[in-house]
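Work through the two exercises below with the sequence and the model at hand. Each task is followed by a solution in steps.

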Amino acid sequence: MKFNFNETKIRVRYGETDQMGVVYHANYAVYFEVGRTEWLREFGLSYSAMEAEGVMLPVVSLSINYKNSARYDDVLKVKTQLKKMPTASIEFDYELRNDKGEILATGNTILAFIDAKRNRPTRCPKYLLDKLQNYSL
């Protein structure tokens, strides 16, 4: 499997906006989470499957750079890209665009691999590294 990124479409719902119809800033983090989840699905993985294997993935760092406003009923594209091969953490870059192609936000997250039984950091599971073997950065 060789792809450089995942692109996921999201339609802005009314409840994600303020009275002016502009997306509330915290929802961008949720859009990035949707992108991450779909990125994992492309490898046949899910958060729930990883948790069942005893691996948790909490976000330890989040940055968002806002460029333009997303608005009610916009169709957004979240582009999610792995920044580097995972070790004890996994890092993603994001780009959020509207249907006109305008960049609305860019961002980055770092998630730590945590052994759920010991509640301690652990290395990236071998099954994920195996699936990333042919991933091109």
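Two strands count as paired if DSSP finds at least two bridges between them, and the strands themselves (E, at least two residues), like helices (H or I, at least four), are DSSP runs numbered from the N terminus. The model is a predicted one, in which local features need pLDDT of at least 70 and side-chain atom pairs count only at pLDDT 80 or more, while totals for chains, interfaces and linings use all residues. Residues are numbered from 1 along each chain as its sequence is written, and side-chain values use heavy atoms, with hydrogens and water left out.

**Exercise 1.** Find which residue of strand 6 is the bridge partner of Asn65.

Step 1: the open sheet has 5 strands in the order 1-4-5-6-3, with antiparallel pairing, and its edge strands, strand 1 (6-11) and strand 3 (59-66), each pair on one side only.
Step 2: strand 3 and strand 6 (residues 103-112) are joined in the antiparallel sense by 7 bridges.
Step 3: the partner of Asn65 in strand 6 is Thr106.

**Exercise 2.** Classify the aromatic pair of Phe32 and Tyr94, and explain what the pair ties together.

Step 1: rings of Phe, Tyr and Trp (its six-membered ring) pair if their centres lie within 6.5 Å, and planes under 30 degrees apart count as stacked, over 60 as edge-to-face and the rest as tilted.
Step 2: at 4.4 Å centre to centre and 5° between the planes, Phe32 and Tyr94 are stacked.
Step 3: Phe32 belongs to helix 1 (residues 27-41) and Tyr94 to strand 5 (residues 89-97), so the pair ties together parts that are 62 residues apart in sequence.
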